[in-house]
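Please read them alongside the sequence and the coordinates.

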Amino acid sequence: MQAGKDAIYSNPQAIEPFRFDQAVAEVFPDMIQRSVPGYATIIDTIGQLVARFAQDNSQVYDLGCSLGAASLAASKYLNKHNCKIIAVDNSKAMVERCRLHTKAFKSATPIEVICDDLQNIVIEQASVVIMNFTLQFLAPEKRAAIIDKIFTALLPGGMLILSEKLQHKDAKSNDLMIELHHEFKRRNGYSELEISQKRSALEDVMRIETFEHHQLRLQTAGFQEVCLWFKCFNFASIVAIK
């Protein structure tokens, strides 16, 4: 099943809130590569981090797995005894394609793909939890409870990998990062119309926070080590170790 080119917002249209529906699932690999700077580096490094921090007889959770890129990267590098990857997404369209992708990839580490809200998932015997651009789509008032739940479920020495689009405290810096991101998208072939309409669609769906806000939430949950390991423009990835 090949992915198509993202042209969802190429024509003027009445803008509805962004959803991970069938249309998005069909073009998601192209969309994410052309929209998120450093995405390939983030995915490959997630695989390396999982290999370093996964433990024997444990589970790795990919919460908000979309098409399973992080899960597949983890399975590529993972070499632990009796370890399993559990990939979760609440989009039926995403999960259907994710199952096809993971079945086509041969790995010694099994991947179970679940269609459900990550807030309903019982996290057990977890050595690594991945939230790769997922938390930003949850209601802000529900985020602390999810992070607390993950911290409690992680084994000692376990890791949370949290990738997010960030807001910056300083207005000028924030505007600069937004403009650099928009230029990144222009250079990847998106028109001004596409950039504007996509931004409008995401406005009330993706609510972003500062790194300091994420750091405080993680520390409040109990994570003692919080490291910003990747940042490009307003996109970042954080590791938090229990």
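1. The second largest pocket has a volume of about 180 Å³. A pocket here is an open set of points on a 1 Å grid over the protein atoms alone, with protein on both sides within 12 Å along at least five of seven lines, and its lining residues have an atom within 4 Å of a point. Grid points are joined across faces, edges and corners, and the volume is the space filled by probe spheres set on the points.

2. This is a predicted model, in which local features need pLDDT of at least 70 and side-chain atom pairs count only at pLDDT 80 or more, whereas totals for chains, interfaces and linings use all residues. Residues are numbered from 1 along each chain as its sequence is written, and side-chain values use heavy atoms, with hydrogens and water left out.

3. Lining the second largest pocket are Ile-8, Tyr-9, Gln-13, Ala-14, Ile-15, Glu-16, Pro-17, Phe-18, Arg-19, Asp-21, Ala-23 and Val-24. By class, this lining comprises eight nonpolar, one polar and three charged residues. Ala, Val, Leu, Ile, Met, Phe, Trp, Tyr, Cys and Pro count as nonpolar, Asp, Glu, Lys and Arg as charged, and the others, Gly among them, as polar.

4. One cavity of 30 Å³ or more is present, a cavity being a set of grid points where a 1.4 Å probe fits but cannot get out. The largest cavity holds about 40 Å³ of space. Its lining consists of Asp-6, Tyr-9, Ser-35, Lys-185, Tyr-190, Glu-194 and Lys-198, that is, two nonpolar, one polar and four charged residues.

5. The largest nonpolar core has 40 residues, of which Val-50, Val-60, Ile-130 and Ile-161 touch the most other members. Such a core is a set of buried Ala, Val, Leu, Ile, Met, Phe, Trp, Tyr and Cys residues joined through side-chain atoms within 4.5 Å; buried means under 20% relative accessible area, exposed over 50%, and partly exposed in between (1.4 Å probe, protein chains only). A second, separate core of 29 residues includes Leu-63, Leu-166, Phe-211 and Ala-240.

6. Beyond its neighbours within four places in sequence, Ile-161 has contacts (heavy atoms within 4.5 Å) that include Ile-46, Val-50, Ile-130 and Val-239.

7. The disulfide count is zero, a disulfide being a pair of cysteine sulfur atoms within 2.5 Å. For Cys-115, the nearest cysteine sulfur, that of Cys-65, is 9.0 Å away. The sulfur of Cys-232 is too far for a bond, because the closest cysteine sulfur, in Cys-227, lies 17 Å from it. Cys-232 is partly exposed at 24% relative accessibility.
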